Amino acid sequence: MTSHTTSPLDDAPFVTALLDTLILTANPDTWTADTGPLTGRVDLEPFAGQSVRLVFHWWIPETASGPGQFQLDDVYVEGPSLQRYLDLTAPGDTAFVPPLTWSGPGNVDLDFGGKDVVLLATAGPDSTVIDCGDTTRAFRFTEGETDAARVEGFTLRRGRADGGDGGLVEIDGASPRFRDCGFDSSTALRGGALAVLAGSPTFVDCRFEDNAVAGSGSGGGAAYVAPGAEAHFVAGTFRDNGVAGPDSSRGGALLVGGTATLDTCAVEGNIAGGAGGGIHGDDGSTLFLNGGTVTGNQATGDGGGMAT
């Protein structure tokens with residue numbers, strides 16, 4: 001479901017209850033129609049963060065001595081917005097996201113606004129996708145969010161940052177945590193999927209696949225960690241990412257200018273037009289590899305697997 005579309009929820013369990021409810025236009029104590037008012041309670045919490053449109057039909061009771069009433073005829077829910085979920089969630093709370101492909105305004109360029117909240121896809125990354133449509137990023141963290149700001153259970157795909165850093169996610173001065181997320185099919189100048197410009201984010205059980213960078217000075221087909229920044233990857237996969245371009249292009253999967261820690265990660269099948277088919281560490285960088293594998297990567301320059 002894309003943003004700003006309207007779809008009838010004819011089969012939703014609360015629709016019948018709403019259709020059977022009469023909304024009075026005056027004080028019920030003065031109402032004297034022969035049918036009597038119908039009342040009920042309707043729980044709309046499952047649709048928090050969405051715009052509910054109610055369609056009414058105006059009518060007058062058979063005994064005209066009472067006020068007019070509105071009969072509820074139909075219920076529609078406007079296209080949901082992930083940004084609205086985030087805006088409504090208080091610090092320390094969790095926004096539960098249903099399984100959909102989320103795209104368009106309000107569902108990309110998402111901003112936690114400095115709040116430490118959890119955005120949780122309840123059905124996991126196979127069923128819950130943020131599709132950036134090859135036009136923009138999925139997330140930007142720039143307001144000091146901490147490790148308590150979390151994104152869990154999404155596939156992020158088709159992000160783009162032409163001439164910039166981080167096609168899907170840009171982190172600058174924040175330290176969020178991603179868990180069980182996919183970063184796929186995205187492009188940028190540095191960090192096809194992810195750029196950590198400042199901060200110390202963590203990525204647990206995340207996969208980076210089919211991302212790419214291109215151009216002079218490009219690097220980090222999947223991810224770029226800038227000088228002074230830190231990133232921690234746990235049980236992650238970097239597969240089939242690439243760096244195309246001149247010899248200065250480096251780090252088919254990962255370009256490290258700051259500090260990167262990889263715990264039990266797999267770096268497989270990545271390609272660099274310059275050095276470091278899997279990983280490239282620039283001067284002054286620090287790289288910790290704790291277990292895991294680096295295999296099947298290729299580079300036109302030095303270091304098919306790794307280069308510094």
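**Entry 1: a strand pair**

I looked up alanine 188 and found that its bridge partner in β20 is valine 213. I am reading a predicted model. The two strands concerned, β16 and β20 (residues 212-214), pair in the parallel sense over two bridges.

I then asked in what order the strands of this open sheet stand. The order is β12-β16-β20-β24-β28-β32, six strands with parallel pairing. β12 and β32 (298-299) are at the edges with a single partner strand each, so one side of each has no neighbour in the sheet.

**Entry 2: the eight-stranded sheet**

I traced a further open sheet, which has eight strands in parallel pairing. I noted its order as β6-β8-β11-β15-β19-β23-β27-β31. Its edges are β6 (101-102) and β31 (293-295); each has a single partner strand, so one side of each is left without a neighbour in the sheet.

Within this sheet I examined β8 (residues 129-131) and β11 (residues 155-157), which run parallel and are joined by three bridges. I looked for the bridge partner of aspartate 131 in β11 and found arginine 157.

**Entry 3: salt bridges**

I kept aspartate 131 in view and turned to charged side chains. Side chains of opposite charge can pair when their charged atoms come close. Which residue forms a salt bridge with aspartate 131? The residue is arginine 158, with the closest N and O atoms 2.9 Å apart. Aspartate 131 belongs to strand β8 and arginine 158 to the loop between β11 and β12 (160-165), so the pair ties together parts that are 27 residues apart in sequence.

I also checked how far each of the two is covered. Aspartate 131 has 15% relative accessibility and therefore counts as buried, the limit being under 20%. Arginine 158, at 32%, counts as partly exposed.

Next I recorded the salt bridge between aspartate 162 and arginine 160, whose closest N and O atoms are 2.8 Å apart. Is aspartate 162 buried or exposed? Aspartate 162 is exposed, with a relative accessible area of 62%. Arginine 160 is partly exposed, and its relative accessible area is 35%.

I followed this with aspartate 165 and arginine 190, whose side chains meet in a salt bridge at 3.0 Å, N to O. The pair links distant parts of the chain, for aspartate 165 is in strand β12 and arginine 190 in strand β16 (residues 187-190), 25 residues apart. Aspartate 165 counts as buried at 12% relative accessibility, whereas arginine 190 is partly exposed with a relative accessible area of 27%.

I found a network as well: Asp184, Arg207, Glu209, Arg239 and Glu268 are joined into one by salt bridges that share partners.

**Entry 4: aromatic pairs**

I asked how many aromatic pairs the structure holds. The number is 15. One of the pairs I opened consists of tyrosine 85 and tryptophan 102: the ring centres are 6.1 Å apart and the planes stand at 80°, so the pair is edge-to-face. Tyrosine 85 is part of helix α2 (residues 82-88) and tryptophan 102 of strand β6, so this contact ties together parts that are 17 residues apart in sequence. I noted that tyrosine 85 and tryptophan 102 are both buried.

I then inspected phenylalanine 183 and phenylalanine 208, which form a stacked pair with 4.4 Å from centre to centre and 10° between the planes. Phenylalanine 183 lies in strand β15 (residues 182-184) and phenylalanine 208 in strand β19 (residues 207-209), so the pair ties together parts that are 25 residues apart in sequence. Both of these phenylalanines are buried.

**Entry 5: a surface patch**

I ended at the surface, asking which residues form a nonpolar patch there. They are Leu289, Val294 and Met306, with about 220 Å² of accessible area together. I located methionine 306 in strand β33 (residues 306-307). Methionine 306 is partly exposed, with a relative accessible area of 37%.

Conventions:
Residues are numbered from 1 along each chain as its sequence is written. This is a predicted model: local features need pLDDT of at least 70, side-chain atom pairs count only at pLDDT 80 or more; totals for chains, interfaces and linings use all residues. Side-chain values use heavy atoms; hydrogens and water are left out. Two strands pair if DSSP finds at least two bridges between them. Helices (H or I, at least four residues) and strands (E, at least two) are DSSP runs, numbered from the N terminus. Rings of Phe, Tyr and Trp (its six-membered ring) pair if their centres lie within 6.5 Å; planes under 30 degrees apart count as stacked, over 60 as edge-to-face and the rest as tilted. Buried means under 20% relative accessible area, exposed over 50%, partly exposed in between (1.4 Å probe, protein chains only). A salt bridge is a side-chain nitrogen of Lys or Arg within 4 Å of a carboxyl oxygen of Asp or Glu. Patches are made of residues with over 30% relative accessible area and no salt bridge: like charges are joined within 9 Å, nonpolar side chains (Val, Leu, Ile, Met, Phe, Trp, Tyr) within 5 Å. Accessible areas come from the Shrake-Rupley method with a 1.4 Å probe; for residues, only the protein chains shown count as cover.
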